[in-house]
Amino acid sequence: MTHPFFEQGPIRPPSEAGSLLVRVSRNCPWNKCAFCHTYKNSKFEFRSVEEIKKDIDNMAEITSILKDISIREGDQGRMTDRIVNIVSNRHPLDHECYRAVALWLYYGGESVFLQDADSLVMKTDDILSILRYIRGAFPSVTRITTYCRSRTAARKSLSELQSLRVAGLARIHIGMESGLDPLLKLIRKGATAADHIEGGQKIKAAGISLCEYVIPGLGGKSYSGEHARETARVINAIRPDFVRLRTLHVVNETPLMELMQKGEFSPLGDEDVLREIRELISGLDGIETTIVSDHVLNLLEEIEGRLPQDRKKMLGVLERYFSLSEEQRIVFRLGRRSGMYRKLSDLSDMSAYENLKNIAHHYEKMGKGSLEKHLSAMMNRYI
Ligand code: SF4
């Protein structure tokens, strides 16, 4: 027996963990950003509308199979913990497509994310057709979101973007990374600050919710202050609904790693990244937006809140960190990077504190740089 199957791409934003992933194109049409390894050895491909619709048909078929199982098992068609367990552990249902749909239904079955890196590069009529097909197949869907590059958004007309919003496109996630032109050039973003502003403003004008991703630390030692200030300026001009922070960690087999190895890029340490975030938040002015820090690479995920009202609270988190002793700051960094800590208040767990302090001493005794190397190695695990 052949099972209904659909494709899934490698990534989605952290906030789309409960979304059904519909792959409308494969990989990234740009694929040149110096820090990014996600699609490095993969060629961009459009998928045909027929192929995508076939995937959606298969998702609908799996949904109906799973609902039948839930009814047979006495859970009235609902996707409960018990049914998710059955799906995950019983052959032949222990397949990634069944698991993906089961988890989506478990989280409410309301949200869909279009993959991969730049979905709006498709013809607008094709995207409209897909959006309508999704809503026809799944009346429970209230929110469809996607990734898009600033330049791609800027190339769409306002009326095209408005028609996408009317057809159900509720939010666009953009990797802005920085608002500083020389840095955007260095990292080969393929977009200028002006492109970011044009694309972002158009999305907002079309009534689509906008989330801009920023990379603290991306400017390294050379551009740190300017990166923070220019990024704040560009965000102030765009007025996105969300700004998401995702701290830089230079990964192997990327052009940025090569620059670093040649001594042409000097990364910031954890604490300089925090100073940069402080400058960025201080520079966001005259806008209402929500700062989100939901990436595991961020040292302080507590830096979250709504501007302007939560500015003091967010800056207060940074003040609290910098008022710690050197030992406490090292212990916190180790605790965070090892996954033991999430908040500054976790430092009050004295048994964990003593363990982490001993680990820090162990690496310090091994010589200069050992502790930082260990911290960096732990960050590699999250990439
Ligand atoms: S546009 Fe996005 S996915 Fe494509 S290379 Fe740049 S960061 Fe990676």
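Predicted model: local features only at pLDDT ≥ 70, side-chain atom pairs only at ≥ 80, totals over all residues.

User: What makes them a contact, and which residues in helix 13 meet helix 14?

Analyst: Contact means heavy atoms within 4.5 Å. On the helix 13 side you'll find Glu 327, Gln 328, Ile 330, Val 331, Leu 334 and Gly 335. They meet Tyr 353, Leu 356, Lys 357, Ile 359, Ala 360 and Glu 364 in helix 14. By class, that contact divides into seven nonpolar, two polar and three charged residues. Gly 335 is part of the contact, and Gly counts as polar here.

User: Why are helix 2 and helix 3 described as roughly antiparallel?

Analyst: The axes of helix 2 (residues 81-89) and helix 3 (residues 96-106) cross at roughly 175°. Anything over 145 counts as roughly antiparallel, so this pair gets that name. The two axes come within 9 Å.

User: Which residues of those two helices meet?

Analyst: Asp 81, Val 84, Val 87 and Ser 88 in helix 2 meet Tyr 98, Arg 99, Ala 102, Leu 103 and Tyr 106 in helix 3. That contact splits into six nonpolar, one polar and two charged residues.

User: How do you know that the peptide bond from Gln 115 to Asp 116 is cis?

Analyst: Look at omega: for that bond, omega is near 0°. Asp 116 is in the loop between strand 4 (111-115) and helix 4 (124-137). The bond from Leu 307 to Pro 308 is cis too, with omega near 10°. Pro 308 is in the loop between strand 10 (305-307) and helix 12 (311-322).

User: What is phi of Gln 76, and where is Gln 76 found?

Analyst: Phi of Gln 76 is near 50°, a positive value in a residue other than glycine. You'll find Gln 76 in the loop between helix 1 (49-72) and helix 2.

User: What surrounds the ligand?

Analyst: Cys 28, Asn 31, Lys 32, Cys 33, Phe 35, Cys 36, Tyr 39, Ala 117, Arg 149 and Lys 189 do. This shell has six nonpolar, one polar and three charged residues. The space taken by the ligand is the largest pocket.

Key:
Residues numbered from 1 in each chain as written. Heavy atoms only, no water. Near = heavy atom within 4 Å. 1 Å grid on protein atoms, 1.4 Å probe; cavity = no way out; pocket = protein on both sides within 12 Å on 5 of 7 lines; lining within 4 Å. Sits in = over half its atoms within 2 Å of the grid points. Axes fitted to C-alpha atoms, helices over the stretch in contact; angles between N-to-C directions. Helix = DSSP H or I, 4+ residues; strand = E, 2+ residues; numbered from the N terminus. Parallel < 35°, antiparallel > 145°, perpendicular 65-115°, else oblique.
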